[in-house]
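Please open the structure in your viewer and keep the selection panel at hand.

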Amino acid sequence: MFKGKFIDNLPKIYGTYTGGFLIFIILMAIAEQAGMEAKTIGIMFVAFTVAIYAFIGWLSRTVQVDAYYVAGRSVPTVFNGMATAADWMSGASFVAMAGGIYFGGYTYMAFLVGWTGGYILVSSLLAPYLRKFGCYTVPDFIGTRYGGNLARFCAVVVLTLASFTYVTAQINATGTIAARALGIPFELGVWVGLVSILLCSMLGGMRAVTWTQVAQYIVLITAYLIPIFWISNRGGYGFFPHLMLGEEVARLGELEAQFGLVKNAAADIKAAGVPGGLKSISLPHSGVPAGGMAAWKFISLALCMMVGTASLPHILMRYFTTPSVKAARKSVAWSLFFIFLLYSSAPMLATLSKLQLMDPTLPTGIIGKEISAVMAIDWVSAWTAQKQAFIADFNGDGILQLNEWFMRGDVVVLSTPEVAGLPYVISGLVAAGGMAAAMSTADGLVLAIANALSHDIYFKMIDPKADVRKRLIVARALLVVIGGFGAYIASMRITSILGAVAWAFDFAMSGLFFPLVLGVWWKRATRQGAIAGMITGLGAGTAYLIYVYPKFMGNPAWMGIDHLRFGIIGASVCLVVMVVVSLMTPEPDSATQKMVDELRVPSGKTILGKQH
Amino acid sequence: MSNREKHWEKTKGQMIVTLALWFFFGYVIFMFGESINSASFLGYPLAYYMCAQGSLLAFVVILFWSANKQEKIDDEFGFTSREDE
C-alpha cells in the first residue's frame, strides 16, 4: 500500500526536497553574511546532505529479494534517469572533468563524446533485452544465456576487476572531500566517506541506492550549475553561458598566442621542484591538433569510453529496475539528458575559469603579472601551501608566464568560486556536490560487486537452497567487506598505481561487451565461445596494458593505442576468439535458441521468474 | 516469415540506422575535426562546439527518437510492453 503511494508521490516528494535544499542554501548564505565561519559552513553542507541520504537509505530498508536487487522493478522512467546520471557521474566527472578540459582542451574532450555516446549502444544493443530477461545482475544474464557456472564465474571476474578499479578512486574522492570540508586527516576522511556510502546502501540495497541517487543528482547538478551561471552573469559573459561564450573561447585563443603554449621539459619541472600531479597549460583550448594520428587518438579514446560504458555492470543494472522494456529504453534517453546537463556545462566552466586566470585585463588575472604580487593573493597562497598549486620562475624574470603556473586539475572546480570572488557558501555547495557525485557512484559500484558475489557466486553456485533471509545477510555482509577493502586501499594512498578511471572502461569492454551483445544478437554464440572470449579478451587486454604502461614495462604504444585505450586490443581479441570458437562448437540447444527468441520480444513475462 | 521474424527484422533495421547516426556524430565529424574547426557555430569553432555540446545533444535526440520509433515497431506487431509483466 505504502509503495504504490510512494511511487505516485515521487514528484511531490523530490520537489519538496529540492525546495528544502534551496532554502538550506539561502539560510547558509544568510548565516555567512551574519558572520558564520567558512569552516562551519563547509561542515554544515556536507553533514546536512549526508544525513539526508542516510535517512532515505533507512526509509528504503527492505527484506525482499527483488526490492533488494532490482528495487522491485518499479522505478519510473525519469527518476531512473536521474539515478543513472548520479550513478554515472563520479567524483571524477564532477571534480576532474572541467580540470581535464582546462589543461587538455579539445584533446581531452574526447572523453565528453565517449562518456555520452556509449548510451546509444546501451539503448539499442543491450538495456531493453536485459530488462526483458529479468536478471538481477549482469553475470546472471551471461550464466543463464550461455549456461554453466564457468561462464557465470568469468563474468563475475571481469565485473569485479572493472568495478573495483573504479570504486577505489571514488572512495578516495569521498575521503578527499570529507577531509577538506570537515577538517580531518585524509585517512580518517576515507572511513567517514565509507560509512556514509554504506548508510545509503546497506539496509535497502538497490531500492535504497536508487532513491538516494535521485537525491544526490539534485544536489550535484545544483552545485555544478549555480557557480557557472553566477560567474557568467556577474562577469557579463552572457546570461546563458552555454550559448554565449563564443567570444571568450576566441579570446582564449588570442591569449594563448600572446603568452605562447610552451611544454616544459621534464628535467626543468623536476629541477624546480614542482609537486607531483600538478600541470601547466600547454595545449590549445579550442584548436584541433593537426594530423591523422591526432584524429585517430581522439576517436580511439571516444570508442573505448563508449564501448566501455555499454559494458559497465553498475550502469546496465540500473535498467533492470524499470517497470517495463519500453520504460528501460526511455529511461536510457532520460539518463543521457540528465548527464548532458552537466557534461555540456563542463567546457563552459573550464572556459570561464581559464579566462579568469589568463586574461591580464581582468582583476582576477594572474598570468603576466609580477610573481610577488600573485603570491600575495589569498587563494594562491592557500592552494600553494597545500601543494595544489605551484609557481616556478623558469626564466627568472619575476613575471608569471603561462608555463610557469602549475595547478592540480581537481582544483579548477573547487577553487573557481573562490577565484571569481563568489561568497564561501558556493564553495560549500560545491563540496556537497562533489561528495554527492563520488558517493552515488561508489554506492552503485560497491552494490554491483556485492550483488554479483552474493547472487551469482553464493546463491547460484555455493548454496542454491539458501532462504531469503540468509541471502540478504550474505549480500549485506559482502557490501561491508568490499566497501571496507576499497576504503583500506584508498587510505593507503596507492590509488595512483591503480591507474586511471579509464582502465575500468577498458577492462569491462575487453571481457564483457561482446559476450553480452552477441548473447542477444547472435543465436549461434555458444558457451565455449563466450568463455574463451571472456578469458582471452581480458587476458590480452591486461597483457597489453602491462606491456605498454610506463610504470610497468613501458614499451612504445602500437598505433597510438596507449594504456588508456588497451580495451581496443582486448575487445578485438574477445570478438575474434568468441566467433571462431562458437563456430567450431555445436550450436546452442533449442531451449537456448528459444530463450533468445523470447528475449527479443518486448512484451510478455520476463524470462527469469520474479523470484529466482 | 512469422510475425516475430518480421518484428525482429524491423528492429534490426532500426538498430542499424541508430548506430549509423551514432557513428556519424561520434566519429565521422571528429575524423575531419581539423578541417571543420575553421567554420563556426554560435561563435564557437565548429569541432570544438561539436565535442562540447553538439554531438552530446545529438546523442540525446537520437535516443528519444529511436525509443519512440522502436515503440511504434513494437505496437505494429502487437508486442507492446506493459508494466508488471
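A residue is termed buried if 20 or more other C-beta atoms lie within 10 Å of its own, exposed if 12 or fewer do, and partly exposed in between, with C-beta atoms placed from the backbone. This is a predicted model, in which local features need pLDDT of at least 70 and side-chain atom pairs count only at pLDDT 80 or more, while totals for chains, interfaces and linings use all residues. Residues are numbered from 1 along each chain as its sequence is written, and chains are lettered from A and ligands numbered from 1 in the order in which they are written.

Select B:Leu42 to begin. B:Leu42 lies in the loop between strand E1 (40-41) and strand E2 (44-45) of chain B; helices (H or I, at least four residues) and strands (E, at least two) are DSSP runs, numbered from the N terminus. B:Leu42 counts as partly exposed because it has 13 C-beta neighbours inside 10 Å. Its phi is positive, about 55 degrees, although B:Leu42 is not a glycine.

Next, display both chains. Here, 42 residues of chain B are in contact with 44 residues of chain A, where contact means that the C-beta atoms of two residues, placed from the backbone, lie within 7 Å. On the side of chain B that touches chain A, at least two residues each come from helix H1 (3-31), helix H2 (33-36), strand E2 (44-45) and helix H3 (46-76). H3(B) gives the largest share, 18 residues. By class, this side of chain B has 23 nonpolar, 11 polar and eight charged residues; Ala, Val, Leu, Ile, Met, Phe, Trp, Tyr, Cys and Pro count as nonpolar, Asp, Glu, Lys and Arg as charged, and the others, Gly among them, as polar.

Now select A:Arg73, in the loop between helix H4 (65-70) and helix H5 (77-88) of chain A. Why is A:Arg73 classed as buried? The reason is that 22 other C-beta atoms lie within 10 Å of A:Arg73. Leaving aside residues up to four places away in sequence, A:Arg73 touches A:Asp66, A:Thr321, A:Thr322 and A:Pro323. The phi of A:Arg73 is near 45 degrees, a positive value in a residue other than glycine.

Finally, select helix H21 (residues 411-419) of chain A, which is largely enclosed by the rest of the structure because eight of its nine residues are buried. Among these buried residues are A:Val411, A:Leu414 and A:Pro417. After H21(A) comes A:Gly421, with a positive phi near 75 degrees.
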